[in-house]
Amino acid sequence: QRHPGWESGSLSGVHATITNQYKAAHRPSLILEPYLQGPEVYAETVVFHATVLAISLRASGEPSVGPPYKWNLPALLSQAMVHKCKAVAHAAVGVLGVRNGVFGIQLIADPARGCVFLELNVRPSRWDLLHDAVVQITLQPDMWH
């Protein structure tokens, strides 16, 4: 016995629907984002049981297209921008449900928009920053002894 939806007229309708869905899914697309000015900021963030224990900020110095990159550690930002960037890092941890670890959160300190979230890496953005005093003090004695 044939399924009622398999008549020749119905199959052409199903084919047309599938074809249209495929075309819609594979249509070229473009995402436009605003240009963000200001230094790139890395918030090396230590999280334990979903609580932020420490944040160490570093920021790009002179504009640089490629290596060697120039960074200021700690970040040379106004106190207001430091506060904004730390608030964004705290919010990212909460919104993304981060539980435990040392994470590299990328931000842009845009003068017009404030501190803007770019991405969260599930590792520090630079492993040598594990030797930063803030991270060492936070993780001692477990990690370093």
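Ala43 touches Ile55, Ser56, Leu57, Ala89, Phe103, Gly104, Ile105 and Leu107, leaving aside residues up to four places away in sequence. The model is predicted. In β2, Leu57 is the bridge partner of Ala43.

**The sheet**

Five strands form an open sheet in the order β3-β2-β1-β4-β5, with antiparallel pairing. β3 and β5 stand at the edges, each with a single partner strand, so one side of each has no neighbour in the sheet. β1 and β2 pair in the antiparallel sense over eight bridges. The helix α2 packs on the sheet and touches β1, β2, β4 and β5. The direction of α2 makes about 40° with that of β5.

**The core**

The largest nonpolar core has 23 residues. Val41, Ala43, Leu57, Leu77, Cys85, Ile105 and Leu107 have the most contacts inside this core. The elements below each give two or more residues to the core.

| Element | Residue range |
|---|---|
| β1 | 40-48 |
| α2 | 79-96 |
| β4 | 101-110 |
| β5 | 114-121 |

β2 also belongs among these elements. α2 gives the most to this core, with seven residues.

**A loop residue**

Lys70 lies in the loop between β2 (51-60) and β3 (71-72). Is Lys70 buried, exposed or partly exposed? Its relative accessibility is 42%, so Lys70 counts as partly exposed. Lys70 and Ser60 are ten residues apart in sequence. In space, C-alpha to C-alpha, Lys70 and Ser60 are 5.9 Å apart.

Notes: Residues are numbered from 1 along each chain as its sequence is written. This is a predicted model: local features need pLDDT of at least 70, side-chain atom pairs count only at pLDDT 80 or more; totals for chains, interfaces and linings use all residues. Side-chain values use heavy atoms; hydrogens and water are left out. Helices (H or I, at least four residues) and strands (E, at least two) are DSSP runs, numbered from the N terminus. Buried means under 20% relative accessible area, exposed over 50%, partly exposed in between (1.4 Å probe, protein chains only). A nonpolar core is a set of buried Ala, Val, Leu, Ile, Met, Phe, Trp, Tyr and Cys residues joined through side-chain atoms within 4.5 Å. Contact means heavy atoms within 4.5 Å. Two strands pair if DSSP finds at least two bridges between them. Axes are lines fitted to C-alpha atoms, for helices over the stretch in contact, and angles run from 0 to 180 degrees between N-to-C directions.
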